[in-house]
Amino acid sequence: MYRRGVKLALVAVIAACGGAQAPRQEPTGERSAVVVPAPAQPQPLPVEHAPATAPTIQAPHGGSITTLAVTADGGAVVSADELGDVRLWPVLDGTREPRVVQLAGARSLAITRAASGFHIAMVDNVGGLTALHVDNNGATVGRWVHPAEPAFVGIEAVPSGFIGWRADQTVMRISADGAVSAPLATPPGEQLVSIAIRNERAFAVVRDARTKLRVRKLVIAPTLAWGDKLSSQLEVGPVIAVSPNGAMVASIVPGPNGGVPDDRRGIAHRLHVYKISGEEVMSRALAGAGAFAFITDDKIAAAVPGRAWWFTLERSDRVSLDSASGIEAIDAGILAVGAGRAIIAAGNELMFSYPNAPAQYLGYDLETPGVMTFGPEGNLLVGAGSRFLVLDDALRTLATPSLGVTNGSAAAFVRWLGGDDWLLEHMNASDGTAEVRIVRPRSQPASAFKLAMTQLLHYEPSTQLATLSHGPATGVYRVDRAKRTFTQVGTVPKGMSPGNTRLVPLTPSLASGMQVAMISTERLTSIRWLKEPSDLTRGVELIVDGSITAVSRAGHVFVWESHAGLELVVYRNAKRLGVVPTVGAGVITPDPSGTAIALILPHSVSVVGIDGTPRWSLAVQNVLEVVWGPGGELAIMTVNGVARVDSATGVPRAARCGWGFGIASKPHPASVRVESMCTQLAR
């Protein structure tokens, strides 16, 4: 359950790391070592405990993944996206969805397992370090913050915590409970570039006085200390990878001309693998630089744009990905390894690459709904393209009905008629035409009412009248559930353009006997309220000077008019009822009873009474549609989720961002790159 205005309050508590002893320097040289004794007492950072009742939020990434880290056993991942949000993938078998983690703006991440949950460390975009202890659902148990003075550059996980390095050329150990060891200074005459750790075997890339990149051992237990430098004959780039047994290192080195690809071969870089002794094991050309890592002691995976390459140290064993799958080119800088596979960022989902098996993708079948309506027992039906889901009160999937929309086509309108019957309008992707039909799942499809194009469709259950607007087939139609027919009973009067006419069926018991409202924008904007749907020439008519935005089932017509300022004016049966105060011009959705409206603005949804009384406002962005339900609630659909909201209070009852989570052999449908609605509502 989600509650409006509830946010996990985590205040950054900053503490200095005092008490560090100055490093003791041994004589330098090819076989030298610089040792720093352990401090008498590590300095713990302050911790703030999160409430035990903090909700767990499940949601896909709102944008493409920009960095990720994996546990040592390869069974869990923490990732950050281009919007700054962080997700915990507690398992990677498709049984548990990613959880929102209360971190933001990650530049690099590290993760290690805890007795109960995980320890996660993040270096943010300004160099601050934050460490979290989260439970198995991603809820924060403890939080430690280290200031960016001096800035942290990178972070790596070790079984007992993390190793971090800073812009002041120091390295420090950070325990799982936030204790920080005395910093270890980089040896004189050297500049620390990066650190790589595997199974507590650590090596650093340093730049010497001659600006040559060298590899130096880093002792991380029982205390931090610098070890020997490897052979000066090793040709390495700024990043290295370490084999599981610690006996080899690998690096990608830019080719000639600063790594500019050759016009003929496209080769710009080389992957080198060396034994610690200095012997070269392998050197292979790569068409582009990317991320790389040892999968096992004899296999290396490398990700370059659009391809994953596998190398066996005895021979070249290259496996390419399907570049014609419709997925973005793989981000060359995002790869981790674990459990015998490479884990690569693929848009906002994870891709698993194997040396001798097809790739797999971990993500959601449906993230961006296209249509939404209430159905039997107050359940919601949402759909995208040809796929539909029936959702319960908690927005969990109850069923996946087939409504007869072929693959490649898309539903434009769905409305429940009662029983198992649905009124459906959908577009045919093959020729751009459209169809309207009454669909009964598990039955033969009814004959379709053909349209030259998709048109605006409305339906009124009390009269079983439907209307089509803004197109060649504009008119009033009778829906017969028993026969499953859709028959025209009213046409647009002569002299009126069907393309400039909108028809809306009304509830006669609420609209003083009126059955249809007709709006024309041919020359002037006119409104007619009609009692007889078969004769659209008769009715009470009104000319207005404004833009009509909505019509309620009770016959209210809402018009944006400019007077002293922009006003939302309400008319009914050719009479001006008054002005509804609003905080801005947006999309209006009236409630079924005609007593209130929902106002969709760029950053909120509000409900206001027809008499102008404000009821509530809910901060949520990228709203596509609001639907009023029969049980006194609203359903809100955004570009990447659905929420059920109490219409009286505005308190969200449930929110869901993504359905059909699991592992697939092909990339899941691309999603819209905006912040997840589920994280917005949890604030």
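The structure holds 22 salt bridges, a salt bridge being a side-chain nitrogen of Lys or Arg within 4 Å of a carboxyl oxygen of Asp or Glu. The model is predicted: local features need pLDDT of at least 70, side-chain atom pairs count only at pLDDT 80 or more, and totals for chains, interfaces and linings use all residues. Residues are numbered from 1 along each chain as its sequence is written, and side-chain values use heavy atoms, with hydrogens and water left out.

One of the salt bridges joins the side chains of Glu-190 and Arg-216, at 2.8 Å from N to O. Glu-190 lies in the loop between strand 15 (184–185) and strand 16 (191–198), and Arg-216 lies in strand 18 (residues 213–219), so the pair ties together parts that are 26 residues apart in sequence. Strands and helices are DSSP runs, numbered from the N terminus (strands: E, at least two residues; helices: H or I, at least four). Glu-190 is buried, with a relative accessible area of 12%. Arg-216 also counts as buried, at 3% relative accessibility. Buried means under 20% relative accessible area, exposed means over 50%, and partly exposed lies in between (1.4 Å probe, protein chains only).

A salt bridge also forms between the side chains of Glu-435 and Lys-450 (2.8 Å, N to O). This pair links distant parts of the chain. Glu-435 belongs to strand 38 (residues 434–439) and Lys-450 to strand 39 (residues 449–451), 15 residues apart. Glu-435 is buried, with a relative accessible area of 8%. Lys-450 counts as exposed, at 58% relative accessibility.

Arg-528 and Glu-541 meet through their side chains in a salt bridge of 3.7 Å, N to O. Arg-528 lies in strand 46 (residues 525–530) and Glu-541 in strand 47 (residues 540–544), so the pair ties together parts that are 13 residues apart in sequence. Arg-528 is buried at 16% relative accessibility, whereas Glu-541 is partly exposed at 42%. Elsewhere, salt bridges that share partners join Asp-393, Glu-633, Arg-644, Asp-646 and Arg-653 into one network.

The structure holds one disulfide, defined as a pair of cysteine sulfur atoms within 2.5 Å. Cys-657 and Cys-678 form this disulfide, with their sulfur atoms 2.2 Å apart. The torsion about the S-S bond is about 110 degrees, so the disulfide of Cys-657 and Cys-678 is right-handed. The pair links distant parts of the chain, 21 residues apart. Cys-657 sits in the loop between strand 59 (652–656) and strand 60 (659–664), and Cys-678 sits in helix 2 (residues 677–681). Both Cys-657 and Cys-678 are buried.

Four strands form an open sheet in the order 48-49-50-51, and the pairing is antiparallel. Two strands pair if DSSP finds at least two bridges between them. Strand 48 (547–551) and strand 51 (575–580) stand at the edges, each with a single partner strand, so one side of each is left without a neighbour in the sheet. The twist averages 30 degrees from one strand to the next. Axes here are lines fitted to C-alpha atoms (for helices, over the stretch in contact), and angles run from 0 to 180 degrees between N-to-C directions. Strand 48 pairs with strand 49 (residues 557–562) in the antiparallel sense, over four bridges. Ser-547 stands opposite Trp-560 in strand 49.

Another open sheet of four strands has the order 56-57-58-59, with antiparallel pairing. Its edge strands are strand 56 (623–628) and strand 59, and each pairs on one side only. In this sheet the twist averages 15 degrees from one strand to the next. Five bridges join strand 56 to strand 57 (residues 633–638), and these two strands run antiparallel. The bridge partner of Val-623 in strand 57 is Thr-638.

Strand 25 (residues 299–304) and strand 26 also run antiparallel, joined by six bridges. Ala-303 stands opposite Ala-308 in strand 26. Strand 26 (residues 307–312) is mostly covered, with five of its six residues buried.
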